[in-house]
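Hello,

Here is the structure we discussed, with the sequence alongside. My notes follow below; please read them with the model open.

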Amino acid sequence: MTDAAEQISHFESIISMDQCIEPKDWMPEAYRKNLIRQISQHAHSEIIGMQPEGNWLTRAPSLRRKAVLLSKIQDEGGHGLYLYSAAETLGISREEMIDALQTGEAKYASIFNYPTQTWADVGAIGWLVDGAAIVNQISLQRNSYGPYARAMVRICKEESFHQRQGYEIMLTLSRGSEKQIQVAQDALDRFYWPSLMMFGPHDSESAHSARSMAWKIKRETNDDLRQKFVDQTAPQIQILGLRHPDPKCIWDPERGHYDMGEINWEEFYSVINGNGHCNRQRLEHHIDAHEEGAWVREAMQSYHEKKKQQSYAKAS
Ligand code: FAQ
């Protein structure tokens, strides 16, 4: 066997035994690139995802709600940092990833291009958006790249708290006044379909799924994960006593699943191609914050350089 054939065979045997590929292991270039694409877009989603909820920090209805929301948003920032670090182990720099986000070359989850119009939207995001993220991320805990899989374990623990805090907001509103019930219903109506879009296009239309499934970068397909989410969400809507936004979401005893209506794919592609309500605003805000933080990065860099010089001087 040639060296190259041996490398491929070793890589494939690690994948087939459900073990992890680690940063120093040999890996095919396409595997590395696909991971960088998915992990960096996942990181961007966590960071851009701080903005819609951040919009409500100064208007949270009580000090308790404000403290919880602040801590949740900080968690999302932390998730972005673990994920950028995991992507860096594949040989891409943080600057390159940020540049790809800011020039629009790299995507982030479509859901964060929808505006948060009421306090109930904060509840709907925690319940539905974090809920959809967990369904996906639980399966990603078993993905084949070690640093990504390990980051997912910690992230899932925090997301499950986020999901509960969102549901608790929705429960409080749906047990409240007529007006509160109405804003809860409105938030559910606006966030339900975009949450289903978080799982990506149908399997038949998904450009990366077949390869990612073969390499165990993804462990379940877009449609299978979406079905899990629909199945877990329908009874939660019943408990809230709200109207389901999808009239076709009916239990099918033969399949053992809830049915679902068709997603508006035109809207999905329009949003991921930069034409959602908030795409421009989200990127502009990110660029402004990044520029404002330039002095912090420069100060840290020069401190690091100084420390390096001092340790060289000591050693020589
Ligand atoms: N939005 O071939 P596929 C969170 C793109 S974390 C935007 O099926 P793939 C936490 C896709 O990138 C949420 N773009 O792609 C939180 C590809 O474009 P490309 C993020 C989408 O990768 C909560 C093209 O369409 N979670 O919410 C979307 O096999 C609250 C073709 O699609 C993750 O990123 C979309 N919804 O499957 C934070 C999980 N769907 O790259 C704050 C990790 C598809 O060729 C507040 N990622 N596209 O230009 C994944 O599991 C996968 O990447 C999928 C897409 C399932 C998202």
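**Notes on the model**

D18 sits in the loop that joins α1 (3–16) to α2. Please keep in mind that this is a predicted model. The phi angle of D18 is near 60°, which is a positive value in a residue other than glycine. K216 also has phi near 60°, again positive and again not in a glycine. The place of K216 is the loop between α9 (209–214) and α10.

**The ligand**

How many residues surround the ligand? There are 35. R37, K107, S206, H208 and K218 are the closest. By type, the shell around the ligand consists of 14 nonpolar, 12 polar and 9 charged residues.

Q41 has a polar side-chain atom 2.9 Å from an oxygen atom of the ligand. For N136, a polar side-chain atom also lies 2.9 Å from a ligand oxygen. N222 likewise places a polar side-chain atom 2.9 Å from an oxygen atom of the ligand. Taken alone, the ligand exposes 1100 Å², and the protein buries 91% of that area.

Which pocket does the ligand take up? The space taken by the ligand is the largest pocket.

**The largest pocket**

The volume of the largest pocket is about 1100 Å³. Its lining is made up of 45 residues, and those nearest the centre of the pocket are Q41, A109, N136, M198 and G200. Of the elements, α6 gives the most to the lining of the largest pocket, with 9 residues. The lining of the largest pocket divides into 19 nonpolar, 14 polar and 12 charged residues.

**The second largest pocket**

What is the volume of the second largest pocket? It is about 820 Å³. This pocket is lined by 22 residues, and I47, I98, H286, H290 and R297 lie nearest its centre. Two or more residues of the lining come from each of α2, α3, α4, α5 (94–102), α12 (279–292) and α13 (294–315). Here α12 gives the most, with 6 residues. The residues lining the second largest pocket divide into 9 nonpolar, 8 polar and 5 charged.

Then turn to the second pocket, where α12 gives the most to the lining.

Regards

How values were computed
Residues numbered from 1 in each chain as written. Predicted model: local features only at pLDDT ≥ 70, side-chain atom pairs only at ≥ 80, totals over all residues. Heavy atoms only, no water. Near = heavy atom within 4 Å. Polar contact = N/O pair within 3.5 Å; in protein donor to acceptor, adjacent residues only side chain to side chain. Areas by Shrake-Rupley, 256 points an atom, 1.4 Å probe, with all protein chains shown as cover. 1 Å grid on protein atoms, 1.4 Å probe; cavity = no way out; pocket = protein on both sides within 12 Å on 5 of 7 lines; lining within 4 Å. Sits in = over half its atoms within 2 Å of the grid points. Nonpolar A, V, L, I, M, F, W, Y, C, P; charged D, E, K, R; others polar. Points joined across faces, edges and corners; volume = space filled by probe spheres on them. Helix = DSSP H or I, 4+ residues; strand = E, 2+ residues; numbered from the N terminus.
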